[in-house]
Amino acid sequence: MPAHLGMPANAPDLPADAPLIDRYGRVARDLRVSLTDRCNLRCTYCMPEDPDHWLPEDTLLTDDELTRLIGVAITRLGISDVRFTGGEPLLRRGLEQLIAATATLRTVDGAVPGISLTTNALGLARRARKLAAAGLQRVNVSLDSINPKHYAEVTRRNHLPAVVAGLTAARDAGLAPIKVNAVPQPAHYTTDAPALLRFCLAQGYQLRFIEHMPLGGSVEWRRNAIVTRQQLLTALVAAGARLTAPPTERGTSPAELWNVEWGDLTGDIGIIAAVTAPFCTSCDRTRLTADGQIRTCLFDQVETDLRGPLRAGASDDELAQLWRRATWLKPRSHGIDHDGFARPSRPMSAIGG
Ligand code: SAM
Ligand code: SF4
């Protein structure tokens, strides 16, 4: 392997047909691709009100570069699912073309890859049909509260009706399942969480609460100040929801699921307890940032550059080998609870949630 490829130190040579396997035996099958670090919201837990810099334009992967790297991941490295995220992925011109290009790829098993999007849904009402026609299958929409005042407090923008319209359009376009991601807010969760759950059950959306993680944003993160899984469950039951754990294991999914019955409403709810019940031992993710860096863990301090080698003429084999070796060094766990924990150098919006 030529020196200019900047091979991660300490990684062994791995077989040229190996999947993305790490030292602890985990295999990455799920690729998160960040398309931009920019966003039209300013969620307090994710971004400062006035971010002081954005990624320089010339460092962003072009559509062709993205398509090539996604192709390497799917056709050589065993990736079966691709999720486009950001920042706000709907801000990326050419999203439909990127999805269409991804949909033409086939996994190492000959299957169409799973293609999904995580979005704040601003503009989704207009684009849901086109995205579905391009090959998008599923969508996760971030919606922390259906109380307009609280939604505006968290996102620092007043766009709740556009999000609700985006969700409806996604359903009408046949995207399924539709998941709603919510980071519960300490000031309002006892009322907002039950209201959001009832809204999602009534609309047929699958609600997923995510514990607030120490990743950028403008609110101070303190472990004992976040809303935990246990507090949420208590608030939902106190409001009248009947929750039962389903018989199946959660597998590689980070969400712990409960079946919900609430009067005539039924469905399920998931809680992603990344802080109080980490799921690192079954993590099957790898991430590609908008500027072409591999991140094997959201919280890793280390990134592996693919953009430089790609632009310097590396072959697909060489790019695949870089990705394998970076994955080999994936940390065992995110270590939020360890004394030496340091926040990653980039916020969630720049890594890709
Ligand atoms: N803009 C899109 C959106 O909001 O869905 C995609 C990017 S966003 C970074 C992806 C997900 O990360 C969102 O569901 C958001 O709620 C979540 N997120 C952002 N910062 C977080 C944090 N500090 N802790 C937990 N979840 C976070
Ligand atoms: Fe934007 Fe998503 Fe971050 Fe909110 S969570 S600021 S919508 S990137």
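Contact here means heavy atoms within 4.5 Å. The model is predicted: local features need pLDDT of at least 70, side-chain atom pairs count only at pLDDT 80 or more, and totals for chains, interfaces and linings use all residues. Residues are numbered from 1 along each chain as its sequence is written, and side-chain values use heavy atoms, with hydrogens and water left out.

**View 1. Helix α5 and what covers it.** Helices are DSSP runs (H or I, at least four residues) and strands are runs of E (at least two), numbered from the N terminus. Helix α5 takes in residues 160–172, and its end C-alpha atoms sit 19 Å apart, which agrees with the 18 Å that 13 residues should span at 1.5 Å a residue (1.5 Å times one less than the number of residues). Its buried residues are Leu160, Val163, Gly166, Leu167, Ala169 and Ala170; buried means under 20% relative accessible area, exposed over 50%, partly exposed in between (1.4 Å probe, protein chains only). Among the elements covering them are α3 (124–134), β6 (138–142) and α6 (189–203). Just past α5, Gly174 has a positive phi of about 90°.

**View 2. A look at Asp305.** You'll find Asp305 in strand β14 (residues 304–305). Asp305 is partly exposed, at 28% relative accessible area. Leaving out residues up to four places away in sequence, Asp305 touches Gly292, Gln293 and Leu322. Thr289 is 16 residues away along the chain, with 9.7 Å between its C-alpha atom and that of Asp305.

Conventions. Chains lettered and ligands numbered in written order.
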